[in-house]
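These are my notebook entries on what I looked up in the structure shown below. They are grouped by topic.

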Amino acid sequence: MRKLVGIAAVTAVLALTACNGSSPGGSTAPTELDIAAIAPPESFSPGNFGTGPTTQFLQPVYDSLFRNTNEGEPAENIVTKWSYDDARTKLSLTIREGVKFTDGTPLDAAAVKANLDSARKGTGEAGGQLRFIQEVTVTDATNLMVTLSAPDPSLVPNLGGTAGVLASPKALGTAELDTTPVGSGPYILDAAKSQTGIKYVYTRNADYWNAKDFPFDTVEVTVFNDNNAILNALRAGEADFAVVTDKDSNSLKSAGLNIQTSPAYTTSGLYLFDRKGSLVPALAEPKVRQAINMALDRDAIHAKVFGGKGKATSQVFSSTSDAFIPDLDKKYPFDVDAAKKLLADAGYANGFTLPMPDVSPVYPDQQAAVTEALTAIGVTPQYQPVNGQTFISDLLAGKYPAAIFGLNSPRPWDFAQIALTPESLWNPFHVSDPTVVDLINKAQGETGDAQTETFRQLNTYLVEQAWFAPYIQSDNVFASTTEITVTPQRYSTLPPLWGFTASKK
Amino acid sequence: MLMFILRRLASGLVLMFVISTATFFLLNLTGQDPVRQVLGPVASAEQVEAKRQQLGLDEPLITQYFQWLGSAVRGDLGRSWFTNQPVGELLSQTLPPTLSMVIGSLILAACFGTLIGVTAALRRGRLDRGLQVASTLVQAIPGFLVALVLALVFAVQLRLLPATGFTAFSDSPGKWLASITLPVIALALGSLASIALQVRGSMIDVMQQDFVRTLRSRGLPERSVVVKHALRSAAGPSLTTVSLMFIVAISSSVIIEKVFNIPGIGTQANNSASRGDLPVVLGIVLVTVVLVVVVNLLVDLAQGWINPKVRVS
C-alpha cells in the first residue's frame, strides 16, 4: 500500500513539475528518423501492396519511376524524360543512366520492364493501378515504350507512387522479396536489426545517386499496436512522427510536440449505393436522395463528430482538386422542411425503411448523426448487425442499399475509377448513368484545363443527382517532435520520406 | 521415471493435435473472408480470386486441413497470409520478448514472493497483517494499470527507461534489461502477491508441525530449520502456483506487450486472430501448448526433486 501511495505521489509531483519534455541542449541536427506506423507492409514485391500506409516502408528502399512534387505533380526521378503520343496510349520513357540496384544489377530499361510486367500481375492496389498497361517494349538500354489499352490520366502520377517502385529483377518473383526488399533507393533494409512485421531499420545506401534529398543516416519505422503506446513513444522522444487521433492532439501539443493537419483524402458520408432501387425503390428517385442530402446538418457533424477537423461538404471529389467547386456546397442547405417536401413530391410523404449495416461499434457518433437526420424526415434506418471480417465483402456484394462509409478520394480520375463507372468495384449495384459514363470517357482522353472542366461537370452532375450523401472530407493529424519538419504531399495520406527534414535551429 | 516423462510427452502430443485441429475448424467457421482482408477494399474480384488460389483457399476445407497438418508434422508451419513471412521465423522473433518478460516476472515474483511470505509467516504480528493487506490490494490492481503508471513515470517523465520496444539480449544485454524492466515489474506484481500469500500460508502450517518442533528440540539452528526443512516442505504448493502463474502470465502479457509496444507472441496472436491470419494463429497455438506442457512437466519433476513423497506417485 505504502508503495502505491508512493507511486501516486511521485506521479502527482511529476505531473505538476513536468517541464514539457524540453529536448536536451545541443545544436547538432538529428541523424536518425523514427517513424511510428500503425500497420506492417503487406509485401515488398511490386504490385502486391497498397498505396496508403505501406508507402512509409517502401520509400526508403525503393526508387519510383517518377517522384511527385509536393503539389502531387509527377516530376523526374528514375525517368528523366517522358512523353505521350496524341492518342495518349503510348508512353515513352527515358531512364536515368548509371543507377544500380544494391545487389549490383543495373537499373536499365529491361529492369523497368521486368518490374512493370511483374507488378501489373500483382494482387495489391498498386498492381491494380497498372491495369491499363497492355505491353511494355524495351527500345534500348535507357528507353522503353509503355502501350496502354486506353488512356489513363493517373498512370504517370501513380508511377510516382507505390505502383512505380523498382525492385532488382533478380529478386522479382521470389518469396524472399515479400519480406526482404532489394531496391535502388536511398536506404538499405538492415535485416539484422529489423524484424518483419514489427520493426524496419534502414541505413544509408552509400552509392545512392541523390543522397542530398535524404538528410537522415538512419530511418526506423516501427509498427505500433496500441494508440497509447504511440503517445508514450512520442512523449518520451522515442518516435519522431506518428499519425494521431484528433482527441490526443491537445495533450501532445502541451507536451511540446508539433501538431499539423493534412487532408486524409477520404470522403465520409452516407453512401447511397442502390441508386437504381433494386433493394429500396425509393433510392432510385433523385428527389429522395436530394432530401437525404438536405436532412444532414453538415456543420453540426463537422463540429461535433469530427471536432472541427476536415471540411464539411456535399461533394465526393477532394477539396484540394481542381474539380472541387465551393459553390456546389450551397446546393443542399440543412432544411428538414424542404427535405420533407421533396420526399412528399417523390411520393414518399410517409417515409420508408432503409436497411443499413450497423457501424456503431466503429463510428458511433456518425451513426447517431445519420440516424437523427433520417428520422427527422421520416426515413427509418434499419441497422443490421455486421461481421467485421465480412463487412467489406458484404458491401461489395450489394447486400446493403446504403452505408455509412468513407472511401478514398485522391485525384478525381481515381475516384471515378473506384466508384463511378458501371464496372467500378465501389458501384456495387452497377448503376449505369449515360451522363456519368460519357463524362468519364471524355475526361479519359483529355488533359489539363479541358479535363478539369469535364471533371467539374461530372462533379456538378453527381451533386445535383445526389449520387452520394457525403458530409466530411476528413483530415489526418500528424504529431512530430520539434527536431524535425514535416511537409505533406497533395493526394498522399502520409508525408513522403523526402518531406522529413531536420528543423532549422 | 523415464516412463513418466514419456507418458507426459505423449499426452502433450495428443493435446497439441486436438487443440490445433479445434483452432483450425473454429477459425474457419467464422465465415470470414481472409482474402478480402489481405487485399483490402479496392482489390478487384479477379485479384481476390487469384490470391484465393495462391493461398490454396479454393480447395475444400478438409483438404486444406490435411495439407496444413502434413506440413506441420514435417516442421513447416507455412507462411503468414498477410506478410508472407515464414511462421517459424515469426515465432522465433516473437517468442524471446514474451519469454523474457514471463520468465523474468516469474523469477522476480518467486524470489520476492517467497521472501515476503516467509518473513510474514515467521514474524507474524503487525508486519504480517500489513503485508497481507498490501498483497491483497496489489492482487486487486490490474496489471495494465500498473504498466501505464510505470511507463508514464519512469519512461515518459523521468526518461530513465524506454517507454516502448524490445532489444534482444544478443544485441545488447544492457538494453535488453532496460527494455524489459518495466514490463517485468508490471507483470510480476500480481503473481508476487499471490505467491507471497501462498508461501505465508504454507509456512505457517509447516512451522506448527511436529517435525519442526522435533528439529528445534534437537538444537538445529533456526536458519537451518526454516530454509532446509520447513521451506522445502512448504515449497510444493507454491511450485504449483508458479506453474499456474506461468500460464496466467502468458495471457496477461498480451496487454502488457500492448502498453510497451513489445513485439511478443501475445500481440501477434491478437493481431493475427483479428485479421484471420490462420497459419500464424495455428503456429502460436502450437507453441503455447508446447510451453504449457513443458512447464508442467518441469514443475512435476521439480516437485519430485524437492519432495520425495511425490516421486512414488
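I began with one side chain: is Asp217(A) buried, partly exposed or exposed? I found Asp217(A) partly exposed, because its relative accessible area is 37%; here buried means under 20% relative accessible area, exposed over 50%, and partly exposed in between, with a 1.4 Å probe and protein chains only.

**Conventions**

I noted that this is a predicted model, in which local features need pLDDT of at least 70 and side-chain atom pairs count only at pLDDT 80 or more, while totals for chains, interfaces and linings use all residues. Residues are numbered from 1 along each chain as its sequence is written, chains are lettered from A and ligands numbered from 1 in the order in which they are written, and side-chain values use heavy atoms, with hydrogens and water left out.

**Salt bridges**

I counted as a salt bridge a side-chain nitrogen of Lys or Arg within 4 Å of a carboxyl oxygen of Asp or Glu. Over all chains the structure holds 21 of them.

I returned to Asp217(A) and found its partner to be Arg204(A), with the closest N and O atoms 2.9 Å apart. Arg204(A) lies in strand 9 (residues 199–204) of chain A and Asp217(A) in the loop between strand 9 and strand 10, so the pair ties together parts that are 13 residues apart in sequence. Helices (H or I, at least four residues) and strands (E, at least two) are DSSP runs, numbered from the N terminus. Arg204(A) is partly exposed, at 30% relative accessibility.

I next looked at Lys247(A) and Asp248(A), which form a salt bridge whose closest N and O atoms are 3.9 Å apart. Lys247(A) is exposed, with a relative accessible area of 67%, whereas Asp248(A) is buried, at 9%.

In chain B I recorded a salt bridge between Asp300(B) and Arg8(B), at 2.2 Å from N to O. Asp300(B) belongs to helix 12 of chain B and Arg8(B) to helix 1 of chain B, so this pair ties together parts that are 292 residues apart in sequence. Both are partly exposed: Asp300(B) has 28% relative accessibility, and Arg8(B) has a relative accessible area of 25%.

I also noted a network of salt bridges that links Arg67(A), Lys212(A) and Asp213(A).

**Chain B and its helix 1**

I listed 13 helices and zero strands for chain B. Its C-alpha trace spans about 85 × 55 × 35 Å along the principal axes. Of the 313 residues in chain B, 45% are buried. Taking contact as heavy atoms within 4.5 Å, I found that residues 24 or more positions apart account for 73% of the contacts in chain B with a separation of 6 or more.

I then checked the length of helix 1 (residues 2–28) of chain B. Its 27 residues should span 39 Å at 1.5 Å a residue, and the end C-alpha atoms are 39 Å apart, which agrees; the expected span is 1.5 Å times one less than the number of residues. The buried residues of this helix are Gly12(B), Ser20(B), Thr21(B), Thr23(B), Phe24(B) and Leu27(B). Helix 4 (61–73) and helix 12 (278–306) of chain B are among the parts that cover them.

**Two buried residues of chain A**

I located Leu439(A) in helix 14 (residues 434–445) of chain A. Leu439(A) counts as buried, at 10% relative accessibility. Neighbours within four places in sequence aside, Leu439(A) is in contact with Thr454(A), Gln457(A) and Leu458(A).

I found Ser474(A) in strand 17 (residues 469–480) of chain A. Ser474(A) is buried, with a relative accessible area of 14%. Residues up to four places away in sequence not counted, Ser474(A) touches several others, including Pro263(A), Tyr265(A), Phe306(A) and Gly310(A).

**The interface**

Last, I examined where chain A meets chain B. The contact takes 47 residues from chain A and 50 residues from chain B. The two chains bury about 3,900 Å² between them, 55% of it on carbon and sulfur atoms; buried area is the accessible area (1.4 Å probe) that two parts lose on being put together, summed over both.
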